[in-house]
Amino acid sequence: MIFESRTINIFEIPYSEYIIAPLSTLLFAEWKSRPAGSRHKEVSMKILLYNPDNGVTRNFMPHLWMFLLQALTPKEHEVVMIDGNAKAMTIDEIVEFCKSENIGLVGIGAMTRMIARAYQVAGALRTAGIPVVMGGPHVTECPDEALGKDGGPRYADAVALGEADDYWARIVEDAANGRLQETYEPATDEKGVDIKPSLQEYPHIPWESLDLEQFSLIPKPFKSFMSKLGEGWGTFHVVPMETGRGCPYGCEFCTVTGFFGDSIRFRTNESVIEELLRLKERAKREKGQIAVFFIDDNLAINKKRLKSLLRDIIDAGAQLPWVAQISSNLLADDELVDLIAESGGKWIFIGMESIDPANMADVNKNFSKPANYKDVLDGLARRNIYAITSFIFGMDNDTVGVGARTVEEIESWSPGLPVFGQLTPFPATPLYDRLQNDGRLERPKHWMDFAPFVMAHRPLKMTVEEARRETISAWERSYSPERNLEAINMIANSPIEVRISHFVARLFFRGIYFPQLRKRDWFKLLFDNRRAIMTLAGEGASTWMKYRKRVARAA
Ligand code: B12
Ligand code: SF4
């Protein structure tokens, strides 16, 4: 979906489209679900859940935390959700909106990458006298920063630490009664360890009725035409869904093991399948497409359980196209990969990090073996499943040329969607502590002045500037029009829809690091890639004609 990145006037915001319509759908569905006698019940507080924009891309998918907390909000309160990535609003507009809508509590969630923006919004709301609670990984790791207890300004009235599922309702009640506490955190057991929410009783997120228009990836002008294609492409949504939480691997740079803990918790297969079936029904009703992003950090962390889930999905006919994150070591299993394909798996995100085993050992990730990457990708591609492969530059053993070496290696594998980042010390990770102890952190609070591709610490065998150049050149080479054409030609034997989806995904992925927010950026991109587009359009047209003839013959 293409959005314009202009500053908007508060009166121009299409509230009816982005806020009022979803809200009224939500409220009506909720009102209908109440017993008749209780329908007069008054709303006691209006809550805004806000996700800050990342300033680079528009959202391809809503953030799960907002929908989860909305589902866990006591019914007498009303929830409005605004995702800054889907609808850009200035800080003044947000404050104005909260005042005019009489918002009694604003909940803001953010990862480290978006925290500076989150603080700006939170600070302005607080100044305007609107109570703010902040949650998510960053404030869990740096609560004093959000509360102004580290010498800096205060941004939030309250912080929610760790997983908030079990205590969000308490925050809401406290705010409604004017007694918001400063810190909320999960209850602890007798050893002082956080009691993690069990996912066995999972809340009902009403995906079937939520207005997801703002997240459709099909531009409006094409909607009518696209809804007539195949089973219908009038809308295309990527919906986040979790089947479990936690990862025990403890890679040095990762916050997941610290945040979610190393004990893994799963939803029941029935609950996942019930949610999938509702989404499938919605896609059919809308003549659109829904893909699911299983946001578990490592979907195959328990292979026996994943195989059982995938078999149940297949048996229940609950297949939707899906994407998930799985580490490469768990994918060398033909039975699992067959089940992934049969259950709808299309793209697998693999944190490959480096092609150098010494780097993998340095970050405690040598369970993932670069020597096996080619086999894993080829195995997936044989089933028309493609990989999103993530690499990190600026690791301790990286030297100048690492970008070109990595891309050359990638180009010898079945084509995927490579993404390139830099080793980043997120707060409260073992990596952060190591670099701090070694005196290597150059910008210890790098999140307060985010600079694209500029590392926050000194790599050992190259400079910060060299690491920046390596990263940019790897992106440029991997998503050049020539490489895009080569990639779709490498999968010439795959069905046309697989090749088109691969190509379209390439155009969107390029946008992760090279902003493509304006219409003219997209026109230029399409023009530059005209050879690939013509190739696919020609094949697509002939496949379409054959399909029409078959349908006519059958009639
Ligand atoms: C999905 C996902 C993404 C999506 C985000 C889009 C989307 N719409 O979701 C994509 C793939 C784009 C993405 C990108 C990145 N991601 Co990411 N991502 C995730 C992932 C896998 C799942 C997030 C999720 O939904 N979790 C499930 C929900 C239920 O958990 P939650 O969000 O933490 O919410 C709970 C609590 O935190 C709390 N909570 C959260 N918000 C709020 C707000 C309030 C008010 C309250 C009360 C409570 C609360 O309550 C919730 C329920 O318990 C997490 C890992 C993980 N398992 O969480 C990484 C994670 C969040 N990502 C991470 C990172 C680093 C990134 C990138 C920076 C990577 C990179 N180098 O490019 C980029 C940033 C992109 C950008 N420019 O915005 C890190 C963040 C670490 C940190 N300290 O910030 C994580 C934790 C993974 C990791 N390996 O460490 N990511
Ligand atoms: S396998 Fe992935 S989620 Fe688990 S600790 Fe390593 S990087 Fe984090």
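Let me start with glutamate 208, which counts as partly exposed because its relative accessibility is 24%, where buried means under 20% relative accessible area, exposed over 50%, and partly exposed in between, with a 1.4 Å probe and protein chains only. Its partner in a salt bridge is arginine 278, at 2.5 Å from N to O, and a salt bridge here is a side-chain nitrogen of Lys or Arg within 4 Å of a carboxyl oxygen of Asp or Glu. The two ends come from distant parts of the chain, with glutamate 208 in the loop between strand S6 (183-184) and helix H8 (223-226) and arginine 278 in helix H10 (residues 269-286), 70 residues apart. Helices (H or I, at least four residues) and strands (E, at least two) are DSSP runs, numbered from the N terminus. Arginine 278, at 12% relative accessibility, counts as buried.

This is a predicted model, in which local features need pLDDT of at least 70 and side-chain atom pairs count only at pLDDT 80 or more, while totals for chains, interfaces and linings use all residues. Residues are numbered from 1 along each chain as its sequence is written, chains are lettered from A and ligands numbered from 1 in the order in which they are written, and side-chain values use heavy atoms, with hydrogens and water left out.

In total the structure holds 38 salt bridges. One of them joins aspartate 157 to arginine 126 at 3.1 Å, N to O; aspartate 157 lies in the loop between helix H6 (143-146) and strand S5 (158-160) and arginine 126 in helix H4 (residues 115-127), so this pair ties together parts that are 31 residues apart in sequence. Another joins glutamate 442 and arginine 458, whose closest N and O atoms are 3.2 Å apart; both residues lie in the loop between helix H16 (430-437) and helix H17 (464-478), 16 residues apart. There is also a network, in which salt bridges with shared partners join Glu163, Asp165, Lys196, Glu242, Arg245 and Arg265.

Now to ligand 1: which residues come nearest to it? Of the 38 residues around ligand 1, these are Met61, Thr112, Asp165, Thr255 and Asp297, where near means that a heavy atom of the residue lies within 4 Å. A polar side-chain atom of aspartate 297 lies 2.5 Å from a nitrogen atom of ligand 1, and a backbone N or O atom of threonine 112 lies 2.7 Å from an oxygen atom of the ligand. Helix H2 gives the most to this shell, with 4 residues.

Turning to the aromatic rings, the count comes to 15 pairs, taking rings of Phe, Tyr and Trp (its six-membered ring) with centres within 6.5 Å, and calling planes under 30 degrees apart stacked, over 60 edge-to-face and the rest tilted. The rings of tyrosine 432 and tryptophan 447 have their centres 6.3 Å apart and their planes at 45 degrees, so the pair is tilted, and both residues are buried. Phenylalanine 508 and tryptophan 522 are also tilted, at 5.2 Å centre to centre and 55 degrees between the planes; phenylalanine 508 is partly exposed at 33%, whereas tryptophan 522 is buried at 10%.

Finally, the charged end of arginine 113 sits over the ring of phenylalanine 450, 3.8 Å from its centre, the rule being that NZ of Lys or CZ of Arg is within 6 Å of the ring centre and within 35 degrees of the ring normal.

Technical notes. Polar contact = N/O pair within 3.5 Å; in protein donor to acceptor, adjacent residues only side chain to side chain.
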